[in-house]
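Please read them with the coordinates open.

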Amino acid sequence: MAKQPRTPSRPRVARTLPALRSAVAQLRDANEAIALVPTMGALHEGHLSLVRIARRRARRVIVSIFVNPAQFAPHEDFASYPRSFERDLAALAGVDLVWAPAVEAMYPPDFATRIVPEGPAKAGLEDAFRPHFFGGVATVVTKLFIQCTPDVAVFGEKDYQQLLVIRRLAADLDLPVKIAAAPIVREKDGLAMSSRNAYLSAQERAAAPALYRVLKDCAGRIARNAPLARVLDEGGAEIERAGFALDYLEARHAETLAKIERGQDGPIRLLVAARIGRTRLIDNVAV
Ligand code: AMP
């Protein structure tokens with residue numbers, strides 16, 4: 001890896017595959033467990049909580065920062081997605097390695113392979129509204145696993161369906177990596193932290209906590225045996241009254257994401273996606 005000026009706390013940064021390979025080889029030579037935290041940068045407390053979990057699970061921590069074009073549709077926000085690399089590095093003091101490839105390093109012009117998830121975890125929910133999404137995620141995560149050779153990788157429950165799709169992917173492809181789940185980190189008013197919250201106007205930001213409020217309310221009613229369909233209908237209407245356009249509000253089996261008909265068919269996870277202004281937010285809670 002090329003020498004780069006480093007203050008003691010600044011993590012080492014690899015920007016090319018050869019640089020990554022030599023840095024990972026050094027970590028591997030030390031025979032210490034490696035944890036990987038994949039991110040798209042614009043780091044917030046949610047990401048940093050994943051890094052803390054990674055530290056507890058392995059001696060060495062790699063954080064990848066890569067805004068993955070393959071998981072954005074042409075009309076989505078790839079170009080405007082927030083990028084704050086220098087600030088991210090400062091927040092990652094103590095991390096062993098940051099893997100921040102250029103798009104061309106990850107996807108050379110002749111790139112032509114794709115990992116395509118299938119099955120109940122992938123069906124519906126995000127896949128119904130972002131059909132390109134899980135293929136893009138699975139392809140990049142598979143590459144990240146092969147590149148960084150982690151013993152454990154940490155993913156947030158914020159992207160609950162993604163977490164389950166990646167668990168399936170790792171099991172199906174016999175990847176020798178444990179998938180660890182991290183709980184959702186929220187703002188004081190309940191809004192799940194997200195890099196995309198930066199898109200919200202002051203008025204939208206004030207309305208946004210409704211999403212979590214309604215989720216919690218619905219979860220409480222389902223736990224008290226209120227009829228599932230009615231709870232979800234009323235919850236959806238309340239989200240729309242708060243100023244959102246609802247993509248979905250659904251109750252799914254928490255471990256398989258299989259559809260469920262009745263509140264007793266649990267364990268249940270409630271998942272929501274809704275748009276406010278130009279921002280699409282997702283959230284979920286356990287019942
Ligand atoms: P992203 O940079 O949005 O791709 O997210 C990178 C990882 O951080 C994913 O595993 C997310 O689920 C996780 N993450 C994002 N926001 C939060 C949050 N508020 N709480 C917990 N994990 C999160």
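**Notes on the predicted model**

1. Start with a side-chain pair. The side chains of D283 and R186 make a polar contact at 2.9 Å. Keep in mind that this is a predicted model.

2. Where does D283 sit? It is found in strand β9, residues 279-286. D283 counts as buried, because its relative accessibility is 4% and the cut-off for buried is under 20%. Leaving aside neighbours within four places in sequence, D283 is in contact with I184, R186, A192, Y212, L215, L270, L271 and V272.

3. Strand β9 belongs to an open sheet of three strands, in the order β7-β8-β9. The pairing is antiparallel. The edge strands are β7 (245-253) and β9, each pairing on one side only. From one strand to the next, the twist averages 10°.

4. Now the bridges in that sheet. Eight bridges join β7 to β8, with A245 opposite R275 in β8. β8 and β9 also pair in the antiparallel sense, over eight bridges. L271 stands opposite N284 in β9. T279 in β9 is the bridge partner of I276.

5. β8 and β9 form a hairpin, with two residues between them. Check G277 in the turn: its phi is positive, at about 60°.

6. How many of the nine residues of β8 are buried? Eight are, so β8 is largely enclosed by the rest of the structure. Helix α10 (residues 228-241) lies across β7 and β8. Its direction is at about 150° to β7.

7. The other sheet to inspect is an open one of six strands, with parallel pairing. Its order is β1-β4-β3-β2-β5-β6. β1 (12-14) and β6 (178-182) stand at the edges. Each has a single partner strand, so one side of each is left without a neighbour in the sheet. The twist here averages 25° from one strand to the next.

8. V37 stands opposite V63 in β3.

9. Two helices pack on this sheet's strands as follows. α6 lies across β2, β3, β4, β5 and β6, and runs at about 150° to β2. α7 lies across β5 and β6, at about 170° to β6.

10. Which residues touch the most other members of the largest nonpolar core? They are I62, W99, V141, F145, F155 and I179, out of 43 residues in that core. The elements giving two or more residues to this core are α1 (17-29), β2 (34-39), β4 (97-99), α6 (133-148), β5 (152-156), α7 (160-172) and β8 (268-276). α6 gives the most, with nine residues.

11. Neighbours within four places in sequence aside, F155 is in contact with P38, L50, V141, F145, Q162, L163, I166, I179, A180, A181 and A182.

12. Next, the cysteines. C148 is buried, with a relative accessible area of 0%. C218 counts as buried too, at 1% relative accessibility. How many disulfides does the model contain? The count comes to zero.

13. Last, a loop glycine. G94 lies in the loop between α3 (85-91) and β4. Is G94 buried or partly exposed? It counts as partly exposed, because its relative accessibility is 49% and exposed requires over 50%. Neighbours within four places in sequence aside, G94 is in contact with S9 and R55. The C-alpha atoms of G94 and V51 are separated by 10.0 Å, and the two residues are 43 apart along the chain.

Note on methods:
Residues numbered from 1 in each chain as written. Predicted model: local features only at pLDDT ≥ 70, side-chain atom pairs only at ≥ 80, totals over all residues. Heavy atoms only, no water. Helix = DSSP H or I, 4+ residues; strand = E, 2+ residues; numbered from the N terminus. Buried < 20%, exposed > 50% of the residue type's maximum accessible area, 1.4 Å probe, protein only. Polar contact = N/O pair within 3.5 Å; in protein donor to acceptor, adjacent residues only side chain to side chain. Contact = heavy atoms within 4.5 Å. Disulfide = S-S within 2.5 Å. Core = buried A, V, L, I, M, F, W, Y, C linked by side-chain atoms within 4.5 Å. Pairing = 2+ DSSP bridges. Axes fitted to C-alpha atoms, helices over the stretch in contact; angles between N-to-C directions.
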